[in-house]
Amino acid sequence: MINRNFTLLWTSQALSCTAGEMAALALPMAILITTRSPVDAGLVATAIGVAELVAKLPGGLLADTVDRRRLMMFCDAARAALALTLALALATGRFTTALAMVTGILTAVLSTMFSPAEGGVIRQIVPRERRREAVTTNIVRTNVAIAGGPPLGGALLGFGAPLVFLIDGLSYLASFGLLSRIRYVHPPAPTGPDRPRRGLRHMGDELTRGIRWVFRRRSLLALIGFVAYLNLLGRAVELLAAVQSSDFGSEPVAAGVVLTAAGCGGIAGGVSAGWVLKRLRPATVVGAVCGSWLVLIPLTATGHQVLTVVAVFTLVFALPLIGALVSLSVLLDSPAHLQGRISTATTMLAVSIAWIGPGATGFLIAGPGAQTASLVLAAPLAVMLLVLLTSARLRAAFNTLSTGDPAESPMAEAETGPAEREHGPVKPG
């Protein structure tokens, strides 16, 4: 690993993210087993999604205001208590939908606060020249958790839902212990015109500073717009491939194979992202992803399982490359005192239209059919690729994005101080 502090952070999150994915499967299953009401399970899932969205901007502001390591430790301790509460309630027969909703919402809010704080800690503990490696290593960690957590959770559910939440709670306690050993110094609040403004009348301005920072950087904004449509397509293609490969749900095993292929593609893409970004310029990466998706999306609608699996694997393989571009631009170029808000702003914008994908795909499959649906979904990619190929200005703008190459000017370092070396904490600047 990069250094001792990053190893502690990465290990803590590998444990808690995998257990969290297990719990994400176990919670709706526990509701269904207890109440036999899919409506209750759906309402809890919706409430959790809304809580995540609402908490993003305040979570980013909080991560920019308080000591980030302490905030992460608080979130882990609180999430451990919530998970152990669910385990106890299930074991004693006191589990209810109301309890599931409250604990699910609180866990989602805590996780939303944790994420931007983690990004700020990485900025401080990892030298600038190794941040690309840190970002891509974290992408691999996330995809391993997504691919491995649900199957493991499904297997453990056979021994009872309390066991899943017990393991989830213990993973957060282990993460708490590992985080406590990280050497980290929170950078001081800026002075002058960048100093934070206190009071309720300035709250809206402080919450939206990250969004305003993103909108002033057109190359990053264009990339985020591209990512937003890829996220929409990702959700749409997942449904399209699962429906077609399983013959409209009659063969659920085939749908599971497709989802496994997606998880494996994400892991492979994360492992390869650092190598690719080191050798290809950002505009080339964007063009290659755009062109490959344009070709591959129609293959997911053929109903041929092998073609579908190969197409889904390759499609998802590309997502970490684009995700790493966004993450690196934020991690390398954003001011330290705004990184939490900028991070949450980019996340909100990147997923802003993703929810449209499954609904639109369902209507298209039911109407014109799967092949037409795939062509309609892919058509905007042809426009994007054409614009990229014909606009030298757009290509040049994309190529200004930071990717962690040593030759790049360390613009943000002047604001944050030197990153931590192998054996000592950062000196805040």
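Is Glu133 buried, partly exposed or exposed, going by its relative accessible area? Glu133 is partly exposed, because its relative accessible area is 34%, where buried means under 20%, exposed over 50% and partly exposed in between (1.4 Å probe, protein chains only).

This is a predicted model, in which local features need pLDDT of at least 70 and side-chain atom pairs count only at pLDDT 80 or more, while totals for chains, interfaces and linings use all residues. Residues are numbered from 1 along each chain as its sequence is written, and side-chain values use heavy atoms, with hydrogens and water left out.

**View 1. The protein as a whole.** The protein has 17 helices and zero strands, helices being DSSP runs of H or I with at least four residues and strands runs of E with at least two, numbered from the N terminus. Of its 429 residues, 49% count as buried. Among the contacts with a separation of 6 or more, 84% are accounted for by residues 24 or more positions apart, a contact being heavy atoms within 4.5 Å.

**View 2. The salt bridge of Arg130 with Glu133.** Side chains of opposite charge can pair when their charged atoms come close. Arg130 and Glu133 form a salt bridge in which the closest N and O atoms are 2.9 Å apart, the term requiring a side-chain nitrogen of Lys or Arg within 4 Å of a carboxyl oxygen of Asp or Glu. Arg130 counts as partly exposed because its relative accessibility is 28%. A search of the whole structure finds eight salt bridges.

**View 3. A network of salt bridges that includes Asp64.** Asp64, Arg68, Glu206, Arg209 and Arg341 are linked in a network of salt bridges. Arg341 is buried, as is Asp64.

**View 4. Lys56, a buried residue without a salt bridge.** Lys56 has its place in helix 2 (residues 38-65). Although Lys56 is buried, it has no salt bridge, and the nearest side chain of opposite charge, that of Glu52, is 6.0 Å away; here Lys and Arg count as positive and Asp and Glu as negative, while His and the chain ends are not counted. Leaving aside neighbours within four places in sequence, Lys56 is in contact with Thr112, Thr344, Thr347 and Met348.

**View 5. The surroundings of Val237.** Val237 is found in helix 9 (residues 218-245), and it counts as buried because its relative accessibility is 6%. Not counting residues up to four places away in sequence, Val237 touches Ile297, Thr300 and Leu315. The C-alpha atoms of Val237 and Leu377 are separated by 8.8 Å, although these residues are 140 residues apart along the chain.

**View 6. The crossing of helix 5 and helix 6.** The axes of helix 5 (residues 131-157) and helix 6 (residues 161-179) come within 7 Å and cross at roughly 135 degrees, which means that helix 5 is oblique to helix 6. The contact is made by Gly153, Leu156 and Leu157 of helix 5 and by Ala161, Leu163, Val164 and Ile167 of helix 6.

Definitions and conventions:
Axes are lines fitted to C-alpha atoms, for helices over the stretch in contact, and angles run from 0 to 180 degrees between N-to-C directions. Angles under 35 degrees count as roughly parallel, over 145 as roughly antiparallel, 65 to 115 as roughly perpendicular and the rest as oblique.
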